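Here is my note for someone opening this structure without any background. Have the sequence and the 3D view side by side as you go through the points.

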Amino acid sequence: MDNVSNNRACNSGELFNPILTMGTQVSCLLVISHFFQLFLKPLGQPAPVAQILAGFLLGPSGFSHIDRVNKFFFQNFAADYYETMALYARITIMFLIGLEMDFDYMRRNLRVASMIAGGSCLICTIFAIALTSFIYEETGAHGSGVMMAVTLAVILSNTASPFVSRLAHDLKFASTDIGRLAISSSLIGDVYAVLLLIIIARNDEKSDLSSSVFYAFMYIIIVTVAILINRYLTNWMNRRNRNQKHLKHTELFILLGIVYVAAMIMETSGFSSIIGCFLIGSMFPRGGKVARTLLSKLSYSVHNFILPIYFGYSGFKADVTLISSFRNFAIVAIIILLSIGGKITGTLAVCVHLKIPLNEGVLLAFLMNLKGHVDLLALTINVQHYKAMSSQIFYNLMMAAIVINSLIWGPLIAFMVRRESEIFGYKYIAFEFQSPKNELKLLACVYGPRPVTTMIGLIATSKGPENVAITPYLMHLIELPERRKTNLLYHQKEEDELSDDGDYGGNDVVEINEAVDIFCTETGVTIHQVKTVSPFASMYADVCEFAEDIRASVIVLPFHKHQRIDGKLESGKEGIRATNQKILRHAKCSVAILVDRGLTAGTSYTSGSGSLQHVATLFFGGPDDREALGFSERIGMHHHINLTIIRFLHVSEKMQDIGVNVPHKEQDVLMVKSTHETESDVDNAALAEFYNRYVTSGQVGYVEKHVENGGETANALRDMADMYSMFIVGKGRRGNSILTTGLSDWEECPELGKVGDLLASSDFELSGSVLVIQQHRPSNNQYQDQ
């Protein structure tokens, strides 16, 4: 009887102890990684470096080298629990990477990303084949040499896409072209590594070709079915309970359950679920509260818990004490050097062929060297099935090489990005110098739901031609009250409340979300929604910092006044106006202020409906007007917009018969008398280029208004007040221009400029909205009234 009780106790201990061990390990990894991050973050080091170091310190290379600690962490069956934990972490991470992935960018640049990934993987595979016999003999391995060659190919060629993605976000270059290209290339490299991994896994089962084809077909069917089910459920949940801000927890678990079930079916069929989970995430519908809830919930959980554990676990598995002998040290050194050589040689060769700048090519080559994803899985499969080795020597040496390689390149990449901050940092290019075919990154801000429809209409028209990429962001700016009191305890809050700040914004959030969702459904363009909660005094810093992070070309702000039912403009909170003025001063990109009167081009933004909208761009001269002209190029390309450029000139220039001549060649410029000859030449050159490109082809209209003074300018503007649904004008740095003399006598809002202030005046009977644009002024940090 006592023996039976002891056996049961032992069995229960075996079931309980690994769970206790895993919980302790996870807690230690989180605590130690955050401790390291406190010291490494001020030095510019990304979070994954601290997390790998935490695992490294906790594992056999550190504390687990002590016998009592080792016995606690490495008990019977503990490895199975660790691998199960790593499996679910991989599923969640790859699903989130797919959900966050800019799939349109990847599709547009698939050829370039494939060539970069293919070049680095090819060279590394050649090195792996050449190295196999040496490693096979030196590690005393037994079994299939082919399987060892395939394993080495995975180790040398794999780039850890979660590591690349996290590093790019931490160092704030994930939104740049080089960052997105690196993430795309690493994902394609994952596909190559997974294909090699399938060879290893399927070889162990000794399956024939027909069986492998059957399982591959089933893999595709499983992924497709999961995508279709998620799409159906997502559309149903978005339509259900429209007044609900976020999904309930039960609905969220259902969607994630589908992903986990599909992933486990793939895993049990002998295939890795890495690519399948990424595809399910990348094909997930982006619009609606379902995607918002998933991104919010998963981003917080993955970035704060799952990724630190996942990266920490890779460091935990490495044991560098085994490389104390010269032979083992030489093996690890050779693996690291060949991996570095293969990645750098292959990546730079492709970058030279594609004419990518050398400094960007070097950063790409460095990023391709980050490891710790599919290569770890390949080693685990080999250990479990003993196909490539009969001892742990090969496993431990390769694991040490992978971790050391990542610890080398993480700090090097961080140092390079900081050192080359002028190259990889925020590069502002004014609309004046941009091609309308370039991708547009636009940040629209709203303080409430009132101007959202007009903002979305502006986003729709700013896209220009159908084939031009646009990445719009909508930021909800919410004032943080000084004190926020509540009588509710935490457990008494609503079940579907996302977080403690989830109710900031009140019902405004629901109205904003609904308008965005309708736009996304009708146009297929995804608007990335962001919310910032801060006092008005510091809100401008959040906006400017976010605009810099996403590399925005323009920030669009709502005017601090809103239109009443009688058509008059009423002032809102004074803090809104102060915030707008601070953003105008401090933003490192162009800033536009939208005076919303309800009739704005693009309000009917569906591709198959909506009447033709008439838009006028007013040109007086100067950098801001040229910026407005450049922004108008994109709007003029929209098929629902009839754009007219209205240039104001002095009557003396009419008598000199100076105007734009249609037969002129593109290099011809319009000459106008001015005391500022250089500035005038730039204006004339910009207008001449615009005229020859768009006006002569009939895409855009052009009108010249000759006036004597500011009074005649105001009369001319009143005459066209009902002709256009929107006016675009530069804020202006015109000084004492005779064309605007007297317009500032009753100026109320100097942040709009003289003309913009007139158009936004309640005394000015205007039915259309007004967009006032200011070009970034790098030499001026102080706000200047014009």
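The points below go through salt bridges, aromatic pairs and a surface patch.

1. Ground rules. This is a predicted model, where local features need pLDDT of at least 70, side-chain atom pairs count only at pLDDT 80 or more, and totals for chains, interfaces and linings use all residues. Residues are numbered from 1 along each chain as its sequence is written, and side-chain values use heavy atoms, with hydrogens and water left out.

2. Salt bridges overall. Side chains of opposite charge can pair when their charged atoms come close. Here a salt bridge means a side-chain nitrogen of Lys or Arg within 4 Å of a carboxyl oxygen of Asp or Glu. Searching the whole structure turns up 16 salt bridges.

3. R626 and D683. Have a look at this salt bridge, with its closest N and O atoms 2.5 Å apart. R626 sits in helix α23 (residues 623-636) and D683 in helix α25 (residues 677-695), so the pair links distant parts of the chain, 57 residues apart. Helices (H or I, at least four residues) are DSSP runs, numbered from the N terminus. Are the two partners buried or exposed? R626 counts as buried because its relative accessibility is 8%, and D683 is buried too, at 7%. The cut-offs are under 20% relative accessible area for buried, over 50% for exposed, and partly exposed in between (1.4 Å probe, protein chains only).

4. R693 and E633. These two form a salt bridge as well, with 4.0 Å between the closest N and O atoms. R693 is in helix α25 and E633 in helix α23, so this pair ties together parts that are 60 residues apart in sequence. E633 is buried at 10% relative accessible area, whereas R693 is partly exposed at 38%.

5. E689 counts as partly exposed, with 39% relative accessibility.

6. Aromatic pairs. Rings of Phe, Tyr and Trp (its six-membered ring) pair if their centres lie within 6.5 Å; planes under 30 degrees apart count as stacked, over 60 as edge-to-face and the rest as tilted. The whole structure has 16 aromatic pairs. In one of them, F163 and F311, the centres are 5.3 Å apart and the planes are at 45 degrees, so the pair is tilted. F163 belongs to helix α8 (residues 161-170) and F311 to helix α13 (residues 289-316), 148 residues apart. Both are buried: F163 has a relative accessible area of 1%, and F311 comes in at 3%.

7. Y300 and F305 make an edge-to-face pair, 6.2 Å centre to centre with 70 degrees between the planes. Y300 is exposed at 52%, while F305 is partly exposed at 38%. Ring pairs also link F35, F36 and F39 into a cluster.

8. A nonpolar patch. Finally, check the surface around F214, F217, M218, I221, V225 and I229, which form a nonpolar patch with about 510 Å² of accessible area together. Patches take residues with over 30% relative accessible area and no salt bridge, joining like charges within 9 Å and nonpolar side chains (Val, Leu, Ile, Met, Phe, Trp, Tyr) within 5 Å; the areas come from the Shrake-Rupley method with a 1.4 Å probe, and for residues only the protein chains shown count as cover. I229 is found in helix α10 (residues 209-239) and is partly exposed at 36%.

Conventions:
Helix = DSSP H or I, 4+ residues; strand = E, 2+ residues; numbered from the N terminus.
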